[in-house]
Amino acid sequence: MSLNTRPTLEPRRLRALPRLSGVWVLRLFLALFLVGFVVTIWAVNLFLTERLTESTRNRAEIRLALYSGTIMSELQRSSVVPLLLSRDPVLITALREGEFTATSQRLISYLDEIGAASFVLLNRSGRVVAATDRARLGELRASEPFFVQAVRSADTVFTSNEPATGRYDFTFSRHITDNNQLLGVIMVEVNLALVVEQWRGASEAVFITQGSGEIILATEPRWRGLIEADALARQDAPSAIRRAIENAGDWAFGEEGYVFGDDTLRLTQDMPFRGWEIVSYTAYASVRERVNGVLALLTMGFALVLAGAFYLLSRRARLQTAVFQRESAELRRLNDRLSREIAEREKAQRDLEQAELSLAQSQKLAALGEMSAAVSHELNQPLAAMKTYLAGAKLLLQRRRPDEAMSSFQRIDDLIERMGAITRQLKSYARKGGDSFTPVDLRDAITGAMTMMEPQMRQMKVEIAQIIPNQPVMILGDIVRLEQVIINLLRNALDAMKGQETRRIEILLAEGDEAVLSVRDSGAGIEDLDQLFEPFYTTKKPGEGVGLGLAISSGIVTDFGGRLRARNSETGGAVFEIRLPRHQIKGAAE
C-alpha cells in the first residue's frame, strides 16, 4: 500500500511548497510595507508640524511689530501738529481779535493736508470757536481734561477718555499764547480706531491695553473698556470671542481652544508710549491643513507603490493564463480548419452558397459597426461637455445662483442642437460633394471648438497660445464638421500631453494662397506617421479610443477640398496642419 501511495502524495507536497513560500513572502512584504508607511507618516507629520508651527509664530511676531509701529507712527505724526498750529499767525490773530469767520475753513484745509481726525480751536474760556466739525461750534469744554491739562502745561499734552459713545477719544492739545498771555487751546483728535479697524481682515485678534490693563483699542469693538480676562470670558450671544474669531478669519476651533488650547498663540509687545501694550491671538489651524495635505499625497504615493507591487506579483499568473489561452485557441483553430476541409469535400456547392451569404452578412455587420463607432466618436465630446455643464449647473442651483445656472443650461441646449447637427451630417457621409457647403470663417470654428474643449483644458491646466488674424479667413465647408475636426486634434493633443510637466498647445491660423491651420502640442510626438490616418489605428489603451478620430477628420478635410497632414516638431511634440482652399467672397476687395 505504501509503495502505491508514495508516488501520488510526493508530487502534491512538492507542488504545495512554492505556493506556501509565495504566501509567506507576500505576508512579509505587506508587514514591511505597513511598518515603513507608519514610520514615514509619523516622521513627516512631526517634521512638518514643527517647521510650519515655527513659521506661523515668526510671521505673527513680525505682524505684531508692524501693528505696533503703525500705531506709534500715527501718534508721533499727530503729536507735532498742535505745536505747528499753536504758532499759526492766522489762528493767533483770530483769538486775539475775536474774529472767527474764516478760522474753521482754515482748519478744514489743514485737515485734508495733515490727515488727522479733527481739529478744534477753543478760546481762553474753553468755548469752541472754530472746528472742522461745525456742529461743535459754541460748545463749552473748559472742564475737559485736554483743555485743563493744556492750559496748565507748557508742552503738548496727550489725553484719552471714554465718552458716552463707548469708544475712546485720543487727543493732542496745546495752549496758544501771545506775549505770554493765554489766548486759547488747539486740540487735534487722532483716529486710532480707524487704524485698528484695518487689521480686522488679518488672521489674528488684536487689542491694545493701557497701563491699567484696560483695553482701549481692539479688532473686536465690544472688548473696549474691559480687561483681557473679562473680554475673553464674555458669553453673550453671539459672544465677543466668537465674533472676534469670525472677524479674524473664520477659524475652525472652539472658544476654549481659542483662549487656552494648543490651537492658538498669544503674543504681547510693550509699546514705548504711556505704558501701552499690544496683544494678538493667532490660530494654528492652517498648519494642520497644510500638514494633512502633504500626508494625503504621501498616502496616495504609498497606495500607488502597493498597487504596483500587487501587479508584479500577479503578472506571472496572468502570463501562465495567457499561454493556456493561446494553446486552447490554437487547438480550436486546428479543429475548425479540419471541420471546414471535411465539409468542403462533402458539400462544396452548398458551402460555397453559404460562404457567399456569410460574406454579405459580414459586410453589413462591418458597415454597421463602422457607423456605430463613428456615431459614438462624434457624440462623445458633446456628451462629456454636457456632463460637465450639468455638474456645474447643479452646484450653482445648490448655491442659489439660478441666473448663472441658466447660462449652463443654455450651453447644454446648444450642445443638443450640435448633436442633432452631427447626426444629420453622419447621414450625408456617403454623399460626397460640396453642394451643401457654405462660406465658413475659420476663426468661428476655432472659437466653437475651444469653447467645447474648455472644461478639459482647464482641468489639465493647459497653456494655450493663439495667433489668429484680425480679418476673416473664409473657406467653403460646414462649420459643424470643421469644429469636429479641430476638436479631434485638440483631444489628441491633450491625450499626448498626459504625464508631461509642460502642457502647451499652440494654434496658428495663417492665410495666403490657402488657409492654413496648425495645432502644435508639447507631447512626446508621433511614432508611426504612416499609419496615423488609417481607420481603427490607435495608440490609446482599450476603452479610451477606437482609432476613428483622425480617419474621420482626414475624410472631412478631403471633402472640403483640402488635406490634413501630421509631422513631429523639431522642438518636441506633434504638429497637425490643415490646408484648405480659400473662399473669395463676391464683391470683396482683392
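Which side chain does the side chain of Thr171 make a polar contact with?

## Thr171 and its partner

The partner is Thr159: the two side chains make a polar contact at 2.5 Å. Keep in mind that this is a predicted model. Thr171 sits in strand S4, which covers residues 169-178. Is Thr171 buried or exposed? With a relative accessibility of 7%, Thr171 counts as buried, because the cut-off for buried is under 20%.

## Helix H13 and its bend

Helix H13 takes in residues 442-460, 19 residues in total. From first C-alpha to last, H13 reaches 25 Å, close to the 27 Å expected at 1.5 Å a residue. Where does H13 bend? The bend is at Met453 and comes to about 55°, with a proline, Pro455, following within four residues.

Met453 and Pro455 are both on the list of buried residues in H13. That list also has Leu442, Ala445, Ile446, Ala449, Met450, Met452, Gln456, Met457 and Met460.

## A nonpolar patch on the surface

Over on the surface, Leu390, Leu397, Met406 and Phe409 form a nonpolar patch, and together they have about 380 Å² of accessible area. Helices H11 (348-398) and H12 (402-427) are the elements that give two or more residues to this patch.

Met406 is one of the patch residues, and it lies in helix H12. Its relative accessible area is 52%, so Met406 is classed as exposed, the cut-off being over 50%.

Technical notes
Residues are numbered from 1 along each chain as its sequence is written. This is a predicted model: local features need pLDDT of at least 70, side-chain atom pairs count only at pLDDT 80 or more; totals for chains, interfaces and linings use all residues. Side-chain values use heavy atoms; hydrogens and water are left out. The expected span of a helix is 1.5 Å times one less than its number of residues. The bend at a residue is the angle between axes fitted to the seven residues ending there and the seven starting there. Buried means under 20% relative accessible area, exposed over 50%, partly exposed in between (1.4 Å probe, protein chains only). Patches are made of residues with over 30% relative accessible area and no salt bridge: like charges are joined within 9 Å, nonpolar side chains (Val, Leu, Ile, Met, Phe, Trp, Tyr) within 5 Å. Accessible areas come from the Shrake-Rupley method with a 1.4 Å probe; for residues, only the protein chains shown count as cover. A salt bridge is a side-chain nitrogen of Lys or Arg within 4 Å of a carboxyl oxygen of Asp or Glu. A polar contact is a pair of N or O atoms within 3.5 Å; within protein, one must be able to donate a hydrogen and the other to accept it, and residues adjacent in sequence count only if both atoms are side-chain atoms.
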